[in-house]
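Hi everyone, thanks for coming.

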Amino acid sequence: MNLILIYLGKILSKLINLLSLGSGATWPGHIALNLNPNFIKENIRNSKAKIILVAGTNGKTTTSSLIQSILLENGKTVFRNTSGANLLNGIASSIVLNSNVLGKLDHDYAIFEVDENTLPLTLKEFTPDYLVLLNLFRDQLDRYGEINTISLKWKNAISSLPKSTKLVLNANDPQIAFLGVERNSLYFGLNEKGAKSIPSSADSVFCPNCNSALNFSDVYFSHIGKFKCSKCSYKTPQLNISEAPYYPVTGSYNKFNILAAVLVSQDLGFSEQEIKNGLVNFKPAFGRQEEILKNGKKVKIFLSKNPTSLNESLRTIRNAKTLLLVLNDRIPDGRDVSWIWDVDFENLLKSYKVIISGDRAYDLGIRLKYADFNKVRVIESLSNAVRFALRETKEKETLHILPTYSAMLEVRKILTGRKIQ
Amino acid sequence: MKLVIGWLYPQLMSTYGDRGNIITLQKRCWWRGIDAQVLSLDVGFKESEIEKCDLLFMGGAQDTQQKIVSEDLKNKSKVLLKLISAGLPGLYICGAYQFLGNYYKEADETKIQGLGILDLYTENPGLKHPRLIGNIIFDPKIQGEFGMQKIIGFENHGGRTYLGKNVKPFGFVIKGFGNNGEDETEGAIYKNTFGSYLHGPILPKNPEFADYLIKASLERKYNKKIKLKKIDGEMEQKARKTVAKGLNIDL
């Protein structure tokens, strides 16, 4: 049965790609799951691959890519679900596409990134060897709900995991670190000076144990930092890692992604040099600080999909001269654009040439008007906006593009003439 | 002229970009030469502080945060009742709007007492009933200095609110759900107090309503007619058209 589903899925995927219909990353899995609800369970059970599951609001794709890069560099075979296809149908599709002619998965490792709601469902399908949890920020409240609700669902799902699953957790996110209490967990985090106070848009400022206020001594961004409860004994746990041998992507948020990947690799037994080789040869994932050359000018894309990720993108590109912001409100972006008011444009936006586009370009225009940026150019058509922004970018300068998710896919298509599959 | 804007629980009750409402009120004052100050009223604030305010704002939040706030508000219900009854202008969004009512019944039938200042109640019909989520347009029942266009925003709430006799609806839904998705009402008006489910946030894309609140606060404070200078709203108009077009509504 599963062999038929795998062949069917492979043919379907080829057809979808051939006809440029899109969604080739989810349909084969969607159909396989409809015809056999146990498709994922059965195929994973029959595979000897070690499984690494990655979840969190920001950084899933980058962290998965980093782990993959280290494994591949050291001669291991790996398969992953496509970035963005992070629901069960995306996992099932990756199984379809990566099974061999006998319908078997013969890779050494499988890395799956899953979205916030899918993590509990995934843990019902199989037990991962590693569960990497990065962070929880407000994101698409219309789709995911509030972060307290998510962390409660995660806690319940994790409580039924056997001891053999290693939790790899962000020690500097109070909600995430708390998931490792009462379990043997591995912690990554920073051990450096940070800001003295948390910004107004921070989400987790209360103790997940007793609901009292948390005191932060060093804040790296949003609510990520060194914390201690004002009432009970809960505080930042002891770190297993705080420095990496090499940092292939910039920004303090990426330090956490890199540390998570290195910690997993260390625990898998790779040496410092082996890990470093993987990091040095790392190529950023689509739209995550990805560089594209267009008309002799460098374009750098920073996917910016919620207040924290847009804040951190702005912080990372401080020296930029020309900036294109793209705000869409489609399903993958979240239909509610209220979040742009939680972005600290007032303090982070410098004297760039700013161009705005996307479905909700004018909402962003109002936001910047209220941050006293009056020389903003709004161009509704995205391809015109990209063309204009490239013209405005001088030779040897870099055009920085900060798009939401669906906007990032569109921007890439305009720049490369290809869709992502 | 001076205006003190009291922001109730900015740390706790600001989850959906609601601080955009504060930014909008303050900037629209500044652009007109009105000295607007924002006073943060966090957990444990004093009565003397809220009594300094000419306009109040409170946004929505997550459940944990709302519980902490509801504890603190228990001691403040008298002063709030006094101020709101005396006509102090204010805007209360989503969770804050629900707080002002008589009670909130959770999905598991637990009843949480409200402040009982506005004659309304809210019930969550349970997880089997979907949250009311999406873009919304409604026709407000107020008139502003520069007219009053339809109000546009985004709603996202599980609770259904039902109005009693002593409050008026803020307006009537043209597209979207509003208070409960049944009776076409959205929000509530009591004296100068406005409750609404609209995020977006509500004020930046509905500048006439922002100006209505500013004018009402100033007129009450200085006890005279106030004329506000007009501010260009081209960007706002275009943003409104985008949302209206998506809902197949002509503005």
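Before that, some housekeeping. This is a predicted model, where local features need pLDDT of at least 70 and side-chain atom pairs count only at pLDDT 80 or more, while totals for chains, interfaces and linings use all residues. Residues are numbered from 1 along each chain as its sequence is written, chains are lettered from A and ligands numbered from 1 in the order in which they are written, and side-chain values use heavy atoms, leaving out hydrogens and water.

Okay, helices. Two packed helices are described by the angle between their axes and the distance between the axes. Axes here are lines fitted to C-alpha atoms, for helices over the stretch in contact, and angles run from 0 to 180 degrees between N-to-C directions. The helices (H or I, at least four residues) and strands (E, at least two) are DSSP runs, numbered from the N terminus.

Look at chain A, helix α6 (residues 118-125) and helix α8 (residues 147-159): they pack at about 10°, with axes 9 Å apart. That makes α6(A) and α8(A) roughly parallel, a label for angles under 35 degrees, with over 145 being roughly antiparallel, 65 to 115 roughly perpendicular and the rest oblique. Contact means heavy atoms within 4.5 Å. On the α6(A) side you have A:L119, A:P120 and A:L123, and on the α8(A) side A:K153, A:W154, A:A157 and A:I158. By class, that is six nonpolar, no polar and one charged. For the classes, Ala, Val, Leu, Ile, Met, Phe, Trp, Tyr, Cys and Pro count as nonpolar, Asp, Glu, Lys and Arg as charged, and the others, Gly among them, as polar.

So how do α2 (residues 27-35) and α5 (residues 88-98) of chain A cross? Their axes come within 7 Å and cross at roughly 100°, so α2(A) and α5(A) are roughly perpendicular to each other. Residues in the contact include A:W27 and A:H30 of α2(A), and A:L88 and A:V96 of α5(A). This contact has seven nonpolar, four polar and no charged residues.

Over to chain B for the sheets. Six strands form an open sheet with mixed pairing, in the order β2-β1-β3-β4-β14-β13; strands pair if DSSP finds at least two bridges between them. The edges are β2 (35-41) and β13 (188-190), each pairing on one side only. From one strand to the next, the twist averages 15°. Helix α7 (residues 207-222) of chain B packs on this sheet, touching β1 (2-8), β3 (55-58), β4 (90-93) and β14, and its direction makes about 120° with that of β1(B). At the β13(B) end, β13(B) and β14 (residues 193-196) are antiparallel over three bridges, with B:Y190 partnered by B:T193.

The other sheet is β9-β8-β11-β12 of chain B, open and antiparallel. β9 (151-157) and β12 (185-186) are at the edges with a single partner strand each, so one side of each has no neighbour in the sheet. Two bridges join β11 (residues 171-175) to β12(B), and B:G171 stands opposite B:E186.

Last, the backbone. Most residues other than glycine have a negative phi, and most peptide bonds are trans. Now see B:G200 and B:P201, joined by a cis peptide bond with omega about -15°; B:P201 lies in the loop between β14 and α6 (202-205) of chain B. And A:D372 has a positive phi, near 65°, in the loop between α14 (361-370) and β13 (377-378) of chain A.
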